[in-house]
Amino acid sequence: MEDEVKTESDILFCSLNRLYGNRFDLEMQNKLRAAIDTVAKTVVGLRSVSMAQYGDPSLPFTPFRKED
Amino acid sequence: MAANPVFLSIRSLGDLLRTRKVSPVEITQIFLNRLEEMGPRYNAVVTVTRDLALQQAKQAESEIGSGVYKGPLHGIPYGAKDLLATAGGIPTTWGAACFRNRCFDFDATVIRKLRDSGAILAAKLAMVELAGGMGYRQPNASFTGPGINPWDPTRWSGGSSSGPGSAVSAGLIPYAIGSETWGSILGPANHCGVTGLRPTYGRVSRYGAMTLCWTLDKLGPIGLTADDCGLILQGIAGSDPKDPTTLKRSFSYDSGMAARPFKLGIIRNVADGTSEPMRRNFEAAVLKLKEIATIDEVALSDLPYDEIARTILFAETSSAFEDFIASGETASLTAPEDQYTPYTRMVLSARDYIRALRLREIVNREIDAVMARFDALVGPSRPTCATKLDADFPSALRGAAKDTMGAIGNLSGLPAISVPSGFSAEGAPTGIQFMGRAYEENAIIAAARAYQSLTPWHLRHPPEVLSQVPPG
């Protein structure tokens with residue numbers, strides 16, 4: 001599990017750094033690194049559940065017609 | 001004036017106003033003075049809307065005087081969390097310094113509905129910046145300063161509806177409108193020893209309210225009693241073409257006696273990890289509830305409720321504030337962690353968000369099957385009492401321990417009400433929550449009202465504040 005979290009955290013941090021890395025100094029980068037662990041642990045927990053392939057998302061989508 | 005209006009319930013105040021024993025202008029003056037004089041002590045107020053309030057009070061006085069009584073909110077002042085848009089040059093700051101002078105040219109639907117009910121807007125109340133959605137982890141996260149608890153000025157009022165919680169607790173205002181995405185009504189109600197109602201998702205229009213998360217945000221009342229919250233909810237609920245997520249089901253508050261015994265459930269191990277006073281007072285509350293209810297333990301499936309709710313929160317927040325974050329404006333926020341934490345949510349994948357929404361559907365069905373057997377599930381309102389102003393907390397969403405009821409309740413859009421359940425040894429309030437099936441606000445309000453009829457906790461007020469209440 002620890003390795004998984006680290007891997008996910010690495011991937012997310014790498015993306016974050018590419019997008020916004022130039023905005024942060026080293027001290028801030030370290031804080032970001034710690035903060036992104038929360039996101040990484042969240043998605044790893046989320047993915048720990050297996051679901052049926054057909055399970056619908058809870059979404060309010062309905063096709064739109066102006067007159068309805 | 002025949003009676004001192006401070007700490008009177010809305011029902012009592014309404015009766016006095018309807019029978020013209022007190023005047024809307026007189027009571028509005030009293031609350032405006034308290035907001036101006038005592039509000040700064042608690043960092044509870046952003047803007048006192050004195051001119052508007054007196055104008056509305058004079059109108060209410062004239063209407064009631066001529067026999068036009070609009071209902072229980074008519075002539076009673078209230079405060080609105082400062083994420084509700086207000087026209088007329090009244091700023092709407094969202095608790096953030098960069099928006100301190102920002103004005104809208106329209107009223108939020110809730111503000112309009114309350115105006116139509118004859119209610120008097122007396123103040124825009126303080127809040128955690130951007131409703132706490134940027135990831136704050138300590139109380140000093142608003143340009144108005146940390147919310148200070150009227151029960152103990154070394155403690156936090158809770159967030160993100162910090163101003164509504166402390167203003168009602170200190171008797172600065174009879175009631176307030178707050179918002180909850182996860183914990184922002186129940187938390188301040190718990191910490192400040194008042195009653196807070198989170199309605200079913202879609203029960204109250206979000207039009208004109210700051211968006212934090214489209215599928216989690218709810219607006220609801222904070223007041224002194226469960227009965228007050230029912231009266232207020234009736235005034236603000238209803239479908240709204242400007243908010244397509246509002247429910248077509250209407251809400252009519254039923255203040256009559258509910259059938260007893262109530263059927264209550266307790267999620268197995270729900271109090272695990274909560275602080276000692278929260279657990280002790282919850283156990284005492286359960287003993288008291290056994291006088292009016294059957295209580296059964298329930299086991300829930302082992303699902304990652306926290307993670308599902310958090311993923312939806314992170315993803316929707318990062319989208320709602322994408323421009324704000326990408327532009328670097330987070331650097332202007334008060335809490336240092338709010339300046340960088342939002343970036344971490346910008347890299348969540350769409351796949352994970354959809355996964356969370358698929359799991360949400362599973363949770364919705366499972367919890368509804370459980371809830372169908374009960375009037376309410378009960379549990380501690382929060383994992384802890386109000387923490388110290390200088391204390392960090394591990395999570396703004398759930399505090400120091402897991403918040404299973406908060407995660408499920410907000411994830412599935414279920415109503416919940418927090419009422420005072422006692423105090424810690426140091427005098428900090430604790431709360432118990434009643435969480436109901438979707439659309440069953442009347443059931444949880446009835447159970448909470450019955451609990452309040454058996455207990456004195458909601459009648460207690462901060463000693464420091466009581467010494468400044470004018471004699472009745």
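Is B:Glu276 buried, partly exposed or exposed, and what is its relative accessible area? In this predicted model, B:Glu276 is partly exposed, with a relative accessible area of 42%.

B:Glu276 forms a salt bridge with B:Arg280, and the closest N and O atoms of the pair are 2.8 Å apart. Helix α8 of chain B, spanning residues 276-289, contains both partners. B:Glu276 and B:Arg280 are separated by four residues, about one turn of the helix.

The relative accessible area of B:Arg280 is 36%, and this residue is likewise partly exposed.

## Other salt bridges

Over all chains, a search of the whole structure finds 24 salt bridges. One of the pairs in chain B joins B:Arg437 to B:Asp368, with 2.7 Å between the closest N and O atoms. B:Arg437 belongs to the loop between β13 (429-435) and α14 of chain B, whereas B:Asp368 belongs to helix α12 (residues 350-371) of chain B; the pair therefore ties together parts that are 69 residues apart in sequence. B:Arg437 is partly exposed, at 31% relative accessible area, and B:Asp368 is partly exposed, at 30%.

A salt bridge also connects the side chains of B:Arg155 and B:Asp152, with an N to O distance of 3.1 Å. Both of these residues, B:Arg155 and B:Asp152, are buried.

## Packing of helices α7 and α14 in chain B

Two packed helices are described by the angle between their axes and by the distance between those axes. In chain B, the axes of helix α7 (residues 226-236) and helix α14 (residues 441-454) come within 8 Å and cross at roughly 155°. Since angles over 145 degrees count as roughly antiparallel, α7(B) and α14(B) are roughly antiparallel to each other.

On the α7(B) side, the contact involves B:Ala226, B:Asp227, B:Gly230 and B:Leu233. These residues meet B:Glu441, B:Ile445, B:Ala448, B:Arg449 and B:Gln452 in α14(B). Classified by residue type, the contact of α7(B) with α14(B) comprises four nonpolar, two polar and three charged residues.

Technical notes
Residues are numbered from 1 along each chain as its sequence is written. Chains are lettered from A and ligands numbered from 1 in the order in which they are written. This is a predicted model: local features need pLDDT of at least 70, side-chain atom pairs count only at pLDDT 80 or more; totals for chains, interfaces and linings use all residues. Side-chain values use heavy atoms; hydrogens and water are left out. Axes are lines fitted to C-alpha atoms, for helices over the stretch in contact, and angles run from 0 to 180 degrees between N-to-C directions. Helices (H or I, at least four residues) and strands (E, at least two) are DSSP runs, numbered from the N terminus. Angles under 35 degrees count as roughly parallel, over 145 as roughly antiparallel, 65 to 115 as roughly perpendicular and the rest as oblique. Contact means heavy atoms within 4.5 Å. Ala, Val, Leu, Ile, Met, Phe, Trp, Tyr, Cys and Pro count as nonpolar, Asp, Glu, Lys and Arg as charged, and the others, Gly among them, as polar. A salt bridge is a side-chain nitrogen of Lys or Arg within 4 Å of a carboxyl oxygen of Asp or Glu. Buried means under 20% relative accessible area, exposed over 50%, partly exposed in between (1.4 Å probe, protein chains only).
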